[in-house]
Amino acid sequence: MLAIIGGSGLTQLSNLDITRREVVRTPYGEPSGALIFGRIAGEDVVFLARHGYGHTIPPHLVNYRANMWALARAAGAANVVSVASVGGIRADLGPGVVVIPDQIIDYTSGRHGTYHEGGDSPVVHIDFTEPYDGALRARLLAAAAQAGEAVVDGAVYATTQGPRLETAAEVTRLERDGAHVVGMTGMPEACLARELGLPYAAICVVANWSAGRGDSAHEISFDKIEAVLQQSLGKARRIVEHLCQA
Ligand code: HPA
């Protein structure tokens, strides 16, 4: 079964034939909401809205451990695709572009980033050289090609703490660090998936030029973000549909 985590603007999948909802409790607390089970193109899918179904949970308060545990252990998902909105930093990654990132830099702080908290259990290190699953990324790229949706293959995703957006100088630093897009939820989601042995990849929709770039030179317009997301999340939805058909 495929799990899909919907980010800002994607609290439901219009192409999901819902069969049941399940409230799951985990050793790490409550996930962002009930798991929604259903089918897309005949394929079993479980969906979870990262920020809750009323979009009330900010990025720094998402219970990433509960979410990933619920999808992996309670739902038994075999793969997780995250849909997330980001700000564009690189010149070719403007609003409306869809990116399948291949690397992450983590700037978050104070989030629970591991299932292995020590105590009586042995220390666990995971390999995280390639944070996204290569095979799942390849399937997403193939699904995008089949859907006729242009996507950018590979980008470095900077995860900031939020919930505020960045300053222009912070974006300049992210760019110097080698980041191409910036969002607030990529971590610790990706490393928790790895700890659970769950293949994980992301479809990132560029919602806006990041602070100090393009038409966000002096300010980021939230009205424009809404308009772009409505359009571009349709692309993400079509990619997921083709992923299920493949
Ligand atoms: N910065 C951080 N996260 C984001 C942005 C941004 O500009 N746009 C959408 N998510």
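Start by selecting S85, V86, G87, L165, E166, V182, G183, M184 and N208: these are the residues around the ligand, each with a heavy atom within 4 Å of it. Before going on, note that this is a predicted model, where local features need pLDDT of at least 70, side-chain atom pairs count only at pLDDT 80 or more, and totals for chains, interfaces and linings use all residues. Residues are numbered from 1 along each chain as its sequence is written, and side-chain values use heavy atoms, with hydrogens and water left out.

Now zoom in on the ligand's nitrogen atoms. An N or O atom in the side chain of N208 sits 2.7 Å from a ligand nitrogen. With S85, look at the backbone instead: one of its N or O atoms is 3.4 Å from a nitrogen of the ligand. For G87, a backbone N or O atom is 3.3 Å from a ligand nitrogen. On its own the ligand has 260 Å² of accessible area, and the protein covers 93% of that (Shrake-Rupley method, 1.4 Å probe).

Next, pick Y107, in the loop between β7 (103-106) and α2. Leaving aside residues up to four places away in sequence, Y107 touches A158, T159, T160, Q161, R173, L174 and D177 (heavy atoms within 4.5 Å).

Last stop: show helices α2 (residues 134-147) and α5 (residues 222-245), whose axes come within 8 Å and cross at roughly 110 degrees. That makes α2 roughly perpendicular to α5 (65 to 115 degrees). Highlight R139, L140, A143, A144, Q146 and A147 of α2 with R238, I239, H242 and L243 of α5 to see the contact.

Note on methods: Axes fitted to C-alpha atoms, helices over the stretch in contact; angles between N-to-C directions. Helix = DSSP H or I, 4+ residues; strand = E, 2+ residues; numbered from the N terminus. Parallel < 35°, antiparallel > 145°, perpendicular 65-115°, else oblique. Polar contact = N/O pair within 3.5 Å; in protein donor to acceptor, adjacent residues only side chain to side chain.
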